[in-house]
Amino acid sequence: MAEHAGFPEGITYESIFGKKPRSARIYQINLRKFFPPDDEFATCIARLCILREDLSLEIKGIVAGPFDSLDTNTVAWRHNYFFRNSVRTLQEIASALHRLRSVPEFKRALRKRFSTDEHKAFEKFCAKIEDASGLIGEVRNIMGGHVKHTAVGKGLKLINYDRTGFWERPFSPEDRLAHPRHTFVSELFIAILQAGDRSDDLPPRDATEVLEISAVMAELIKAIPHIDSLFELYVTERRLL
């Protein structure tokens, strides 16, 4: 079984979203004007902007590299770390989108500013992230927002006697308190994903099912261009530029 839950091999940020633009204009914006207090529409958009930057960094942490200082455990563990954080961010994005879609001003702007195709694409993405909410919540609870004690215990039960991992221990005793590498944790992570936070009558996930978790999450990273389009809609609707 693979030791990490990243995205498919060979995928890059550019292959998902295209090459970085050759030029761009930088605006110095008045934050109070853009995001006034006690304004539900503004608050939802501000929240999504924060989460958009979180998810962008997390995707780059998974697909970019190598990063010497971040890969001292293994590249696989960097993938796992940013994958776990991206799941937490996706759950927050789902919550933010759900709240935004109840804002009357947003609903009016959506009908006025989005084309039929844009509106359909946005609704399709919202349906997709809602459909995945159970899986997102489960992974977040066991290894994303938390490292759940019971989930770790269930994962350990799945590890058979011939499954191995690696522990790098410095020769010098004075180096052992800050410089060992517990590279075996990637194996623990996969076992915990297999066990999941499921009812006792469900069997553990097999290797294919674990990989399917990554595939579902990889589809949801398209949240980034959707949030960008929502910000453009907001700026246009409020005539902020």
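Visitor: Where is the place of R239?

Guide: The model is predicted, and in it R239 belongs to the segment after α11 (223-238).

Visitor: Why is R239 called exposed?

Guide: The relative accessible area of R239 is 70%. The term exposed requires a value over 50%, so R239 is classed as exposed.

Visitor: What is the secondary structure of the protein chain?

Guide: The protein chain has 11 helices and 0 strands. Along the principal axes, its C-alpha atoms fill a box of roughly 65 × 45 × 35 Å. Among contacts between residues at least 6 apart in sequence, 78% join residues at least 24 apart.

Visitor: What makes the pair R99 and E40 a salt bridge?

Guide: The N to O distance between the two side chains is 2.4 Å. The criterion asks for a side-chain nitrogen of Lys or Arg within 4 Å of a carboxyl oxygen of Asp or Glu, so the pair qualifies. R99 lies in helix α4 and E40 in helix α3, so this bridge ties together parts that are 59 residues apart in sequence.

Visitor: Why is R99 placed in the class partly exposed?

Guide: R99 has 48% relative accessibility. Buried means under 20% and exposed over 50%, with partly exposed in between, so R99 counts as partly exposed. E40, at 34%, is likewise partly exposed.

Visitor: How do you know that D228 forms a salt bridge with R52?

Guide: The closest N and O atoms of D228 and R52 are 2.7 Å apart, and the limit is within 4 Å; the pair therefore counts as a salt bridge. With D228 in helix α11 and R52 in helix α3, the pair ties together parts that are 176 residues apart in sequence.

Visitor: Does R52 count as buried or exposed, and why?

Guide: R52 has 16% relative accessibility, and buried means under 20%, so R52 counts as buried. D228 has 30%, a value between the limits of 20% and 50%, and therefore counts as partly exposed.

Visitor: What makes R238 and E105 a salt bridge?

Guide: Their side chains meet at 2.8 Å, N to O, and the distance has to be within 4 Å, so the term applies. This pair links distant parts of the chain, with R238 in helix α11 and E105 in helix α5 (residues 104-113), 133 residues apart. R238 and E105 also belong, with D39, to a network of salt bridges.

Visitor: How many salt bridges does the count come to?

Guide: The count comes to 16 salt bridges.

Visitor: What is the nearest side chain of opposite charge to R84?

Guide: That side chain is E58, 11 Å away. A salt bridge requires the atoms to be within 4 Å; R84, although buried, has no salt bridge. R84 is found in helix α4 (residues 75-100). Not counting residues up to four places away in sequence, R84 touches W77, M143, G144, V147 and F189.

Visitor: Why is T89 called buried?

Guide: T89 has a relative accessible area of 3%, and buried means under 20%, so T89 is buried. T89 lies in helix α4. Leaving aside its neighbours within four places in sequence, T89 is in contact with L51, D54, L55 and E58.

Visitor: Why is N80 called buried?

Guide: The relative accessible area of N80 is 0%; the limit is under 20%, and N80 is therefore buried. N80 is found in helix α4.

Visitor: Which residues form a nonpolar patch on the surface?

Guide: The patch is formed by Y27, I29, L31 and L241, with about 430 Å² of accessible area together. Residues of a patch need over 30% relative accessible area. Y27 has 44% relative accessibility and counts as partly exposed. Y27 is found in the loop between α1 (13-17) and α2 (31-34).

Note on methods:
Residues numbered from 1 in each chain as written. Predicted model: local features only at pLDDT ≥ 70, side-chain atom pairs only at ≥ 80, totals over all residues. Heavy atoms only, no water. Helix = DSSP H or I, 4+ residues; strand = E, 2+ residues; numbered from the N terminus. Buried < 20%, exposed > 50% of the residue type's maximum accessible area, 1.4 Å probe, protein only. Lys, Arg positive; Asp, Glu negative; His and termini not counted. Contact = heavy atoms within 4.5 Å. Patch = residues over 30% accessible without salt bridge, like charges linked within 9 Å, V, L, I, M, F, W, Y side chains within 5 Å. Areas by Shrake-Rupley, 256 points an atom, 1.4 Å probe, with all protein chains shown as cover.
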